[in-house]
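Student: I am new to this structure and should like to go through it step by step. May we begin once it is displayed?

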Amino acid sequence: MKRFEPYVFLRQLATRWDILAFIVVIGLIAFLGETARGLFEPLAELEITPLSLNPAHLPEYAARTTFRMLAALFFSLVFTLTYATWAAKSERAGRLLVPILDILQSVPILGFISITSVFFLSLAPGRVLGAEFAAIFAIFTSQAWNMAFSFYQSLRTVPTELTEAAESFRLSPWMRFWQLEVPFGMPALVWNMMLSMSGGWFFVVASESISVGHSAVALPGVGSYIALAIEQKNLRAIGWAILTMLIVILIYDQLLFRPLVAWVDRFRVEQEPGERVPEAWALTMMRRSRLINAATVAFHAAVLWTSRAVKHAEGDAPPIQAVDRPKRSLDLLWVSLVIVVVVLGLWHLVAGLITETSMHEALHVCGLAVITMLRVFVLIALASLVWVPIGIWVGMRPRAAQIVQPIAQFMAAFPANLLFPIAVYGIVEWKLNPDVYLSPLMILGTQWYILFNIIAGASSIPAEMRFAAANLGVTGWLWWRKVALPAVLPFYVTGAITASGGSWNAAQVAELATWGHTEVRARGLGSYIAQAAAADNFHQIVLGVGVMSLFVVIINRVFWRPLYYYAERKYRLT
Amino acid sequence: MSDSPLLQCIEVRKAFTKPDGDPLLVLEGMNLDLYEGQIVGLLGRSGSGKSTLLRLIAGLAEPTAGHLTYLGQPIAGPARGIAMVFQSFALFPWLTVFENVALGLEAQRLPRSEIRKRSLAAIDLIGLDGFESAYPRELSGGMRQRVGFARALVVHPNILLMDEPFSALDVLTAETLRTDFLDLWTEGRMPIKGVVLVTHNIEEAVLMCDRILVFGSNPGRILSEIKVTLPQPRNRLDPNFREMIERIYVEMTARPKGGGAGGRQERFPGLGIGSVLPQVSSNLMAGFMEAVAAAPFNGKADLPEIASDLQMEIDELFPVAETLQMLRFAEVEGGDVKLTEDGLAFAQSTIDERKRIFSRHLLNYVPLAAHIRRVLDERASHSARKSRFIDELEDFMSEEEADRTLRAVIRWARYAEAFAYDDNNAMFSLENPS
């Protein structure tokens, strides 16, 4: 059974660096928004590739969508290897970089797509390329943070003896990075890549078709296809799109992630044999293929070659200490740099918000956030009521778990926003109350995290513990209360955290939905942001995203994180 | 034996900085010479700083004061002629046996053909033929440590540092590996000229070393140096061998003369409120007292004898013996452990009587326990926060040690029913759940 890495985040509740980080992040968003606003006018005219609802075009669209995903994944990897390394190697930089990452992880960036789009379109005006960059950037923002965070954690937890061995055999820092640190971080990184991908599909669908100003930019892809289908009220086309996506994700899973997971198994440091080795036919194929083999050999040679080259450049310098010694002057420079950025961010925030936002509006937005928060919590509770018992039941039966677990993981990867039109169609047709009936959409895609974490938890309950419970005659409600529920609690919390974060993001798509020209709206912060985005009201977007970030960060800090450590400490088996 | 030493440590001292900024002394007055053809053993318990000294020699850490030289040159960072074998093997799990061995040569930028030739030679020498393409996880512990040896030998070091290289292996595997190593060493088939071995196993030290430095703790320092002149291969049953072991036990339990540095107070903690308490469970103490009280020891046991009888390593044996001494259940001297009157009484009592005896000794002889009890008695609520005592302890020790010490006292107090502790809200109290 698959092992699940615990959700990674910082241990402390909050430090002053967190507050600085929050200001920097929101300040940057505000800054970007302000800039985008100025760039707006010349972009009104855009060439748009006409889309077609003919299913014959879907393979091409799917390929383009997939390409965007891969491109974003590539950039996320580059970002991870640089940003996380910098944060881990330099104590000075890490003090701010790590909280920034933690905040970025919680910022629901989805509502922000239209602003970043304008920014990227301005870089390549009038070109499809700009829109492509915007879409790729949107996907990047859904993937990069948790990957970087996991790699940072790995870098900080490389076993001392391995570091010492590398040092005593005088590996150069470059060689140590590629031969020790990257391989060590690999398992956690791949797992986080998979999680990121699940989120990424959701974003790619949302980011391909964006309205900028009064014209819509639709990049050829599955996301735009579905947007067009919604506009034309074409249920059949939506069906085709869903089918295409199912196939695409299946292929992605089989060709990319299964081989990756199986391959990465060798990088695990715990060397106990006996645990079942993950299998993947694609990996077996690749290992046997001479071409792939030659590629890996070439990569290895490249690492060695660059090691030599880099080492030549460095000369035979004395070995570099793992942690750099803080220097007074550099410290001063760093601190003043941070202060400048924070002041700038603060200035933008305050200037933007005070001039354009009344106190009344701010309060109104906070009220909306409370509504969305209630929605998220109620939905998580409802989903838990359903999936916890089912997950435990499945997890206790290895054969059932083997069938259900991949399905649950697959469902988590499937972009739930593809299914929205069907639900919206129903709501419009039967005139249902959108405040109630739009809500489940928020958790449609994220509930699966609860299910597959519970399954993983239940299947990790030691057989002896279950026998002991049976032997003592512990059954019924007592069994659930004293055996099953405590045993899966740490896993449940991990799943619920992921589900909650995803739901906040989904709120921005789920609370405001359209079918043709009919609009259904649920009251909440998500629909506020979505409406602001549709109306290109930048200060409203910044306000909405800012308040949502603040809510998510606070909820994480005061609720999920303590709960997570409590569960870890008290209920972790073994 | 040549005249100038391969390695020299002069008055080496190492201190770490505690979170509150105070220095924590871990090594003091270290003097060590390693000459060609010698195996020098650093013998002591965990926390005696022997591994720290090894890391200083390896260039993985810097001394706070003193000098370390290798072939007359000061050691600054890992030196090319010094290689290390680790306790937990420290192999790279994503590299094959061959790649693990070749890594150190790749770091030296040698030509590929040379890397290949030397790696295969090292693999051959250490008996790993046929395992070149295996990954570490496919190997048994013994085979993994062989990779550790091959990896160290392949760089042709002058000095081999070994950090408890056999302690993670089972008895039989460890013995095989030791014998193989000694064979290669005495036959001169390895490129190395000298060895520094860290161990907490007395027999291993006597079996392998030419000189043994016995370490004491708090702070780590050399208690004595013992020369082993028995010819190789050595026989465990040889009376001279047994005598050597007995002598080391005596050294390690010797009462230092006078007070001052290295005095009794440091070696037998618990005499002040700020002493670090050892993690010894009440079960282990009870079992040990029963064993000493029973035949053939009848209340007084020779430490090496009871160690082999109970299959305890000194890392387990000494903490138990010293905790019993601290609680006045036993006297430890001259390599012997002797139960006191109360110790004997404890061994022969029922569960409830044992708890009463233990409680009396705990509150009388462990000042921290007495202190906690007094605080609880004085308060109207009969309860107190854990953080209160942690704060007090941190004046004397690191945060981690304070936590461990408090946990030790909680365990003993629970057994003695002297006071209760609730982990959920981190509170001490007088109430025991009824």
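Student: In helix α21 of chain A, which residues are buried?

Tutor: This is a predicted model, and burial is judged by counting other C-beta atoms within 10 Å, with 20 or more required. In helix α21 (residues 525-534) of chain A, 8 of the 10 residues are buried, so the helix is largely enclosed by the rest of the structure. The buried residues are A:L525, A:G526, A:S527, A:Y528, A:I529, A:A530, A:A532 and A:A533.

Student: Which residue with a positive phi follows α21(A)?

Tutor: The phi of this residue is near 55 degrees. The residue that follows α21(A) with this positive value is A:D536.

Student: What share of chain A counts as buried?

Tutor: Chain A comprises 22 helices and 4 strands. It has 574 residues, and the share of them that counts as buried is 46%.

Student: How are helices α20 and α22 of chain A oriented to each other, roughly parallel or roughly antiparallel?

Tutor: Two packed helices are described by the angle between their axes and the distance between the axes. For α20 (residues 476-510) and α22 (residues 538-571) of chain A, the axes lie 9 Å apart and the angle is about 170 degrees. Since angles over 145 degrees fall in one class, α20(A) and α22(A) are therefore roughly antiparallel.

Student: How many charged residues does the contact of α20(A) with α22(A) have?

Tutor: On the side of α20(A), the contact includes A:P486, A:L489 and A:W504, while α22(A) contributes, among them, A:M548, A:E568 and A:Y571. By class, the contact has 13 nonpolar and 2 polar residues, and the number of charged residues is 1.

Student: Is A:F137 buried or partly exposed, and why?

Tutor: A:F137 lies in helix α5 (residues 128-156) of chain A. Leaving aside neighbours within four places in sequence, A:F137 is in contact with A:T116 and A:F120. Because 20 or more neighbours would be needed for burial and A:F137 has 19 C-beta neighbours inside 10 Å, A:F137 counts as partly exposed.

Student: Is B:F396 buried or partly exposed?

Tutor: B:F396 is placed in the loop between α15 (386-393) and α16 (399-416) of chain B. Its C-alpha atom is 24 Å from that of B:R328, and the two residues are 68 apart in sequence. Because B:F396 has 14 other C-beta atoms within 10 Å, it is partly exposed.

Student: Which helix of chain A gives the most to the side that touches chain B?

Tutor: In this interface, 25 residues of chain A are in contact with 23 residues of chain B. At least two residues each come from α6 (160-168), α7 (173-207) and α11 (290-314) of chain A. The residues on the chain A side divide into 13 nonpolar, 4 polar and 8 charged. With 6 residues, the helix that gives the most is α6(A).

Student: Which helix gives the most to the side of domain 1 of chain B that touches domain 2?

Tutor: Chain B is divided into domain 1 (7-253) and domain 2 (282-429), and their centres are separated by 35 Å. The contact takes 13 residues from domain 1 and 12 residues from domain 2. With 5 residues, the helix that gives the most on the domain 1 side is α7 (residues 239-253) of chain B.

Student: Among the elements of chain A, which has the lowest mean pLDDT?

Tutor: The mean pLDDT of chain A is 77, and 80% of its residues reach 70 or more. Where pLDDT is low, the predicted coordinates should not be read in detail. Residues 1-9 of chain A have pLDDT below 50, and residues 40-46 of chain A stay under 50. Among the elements, helix α13 (residues 359-395) of chain A has the highest mean, 90, whereas the lowest, 56, belongs to helix α10 (residues 281-288) of chain A.

Technical notes
Residues numbered from 1 in each chain as written. Chains lettered and ligands numbered in written order. Predicted model: local features only at pLDDT ≥ 70, side-chain atom pairs only at ≥ 80, totals over all residues. Buried ≥ 20, exposed ≤ 12 C-beta atoms within 10 Å, placed from the backbone. Axes fitted to C-alpha atoms, helices over the stretch in contact; angles between N-to-C directions. Parallel < 35°, antiparallel > 145°, perpendicular 65-115°, else oblique. Contact = placed C-beta atoms within 7 Å. Nonpolar A, V, L, I, M, F, W, Y, C, P; charged D, E, K, R; others polar. pLDDT = per-residue confidence, 0-100. Domains from an automatic or database assignment.
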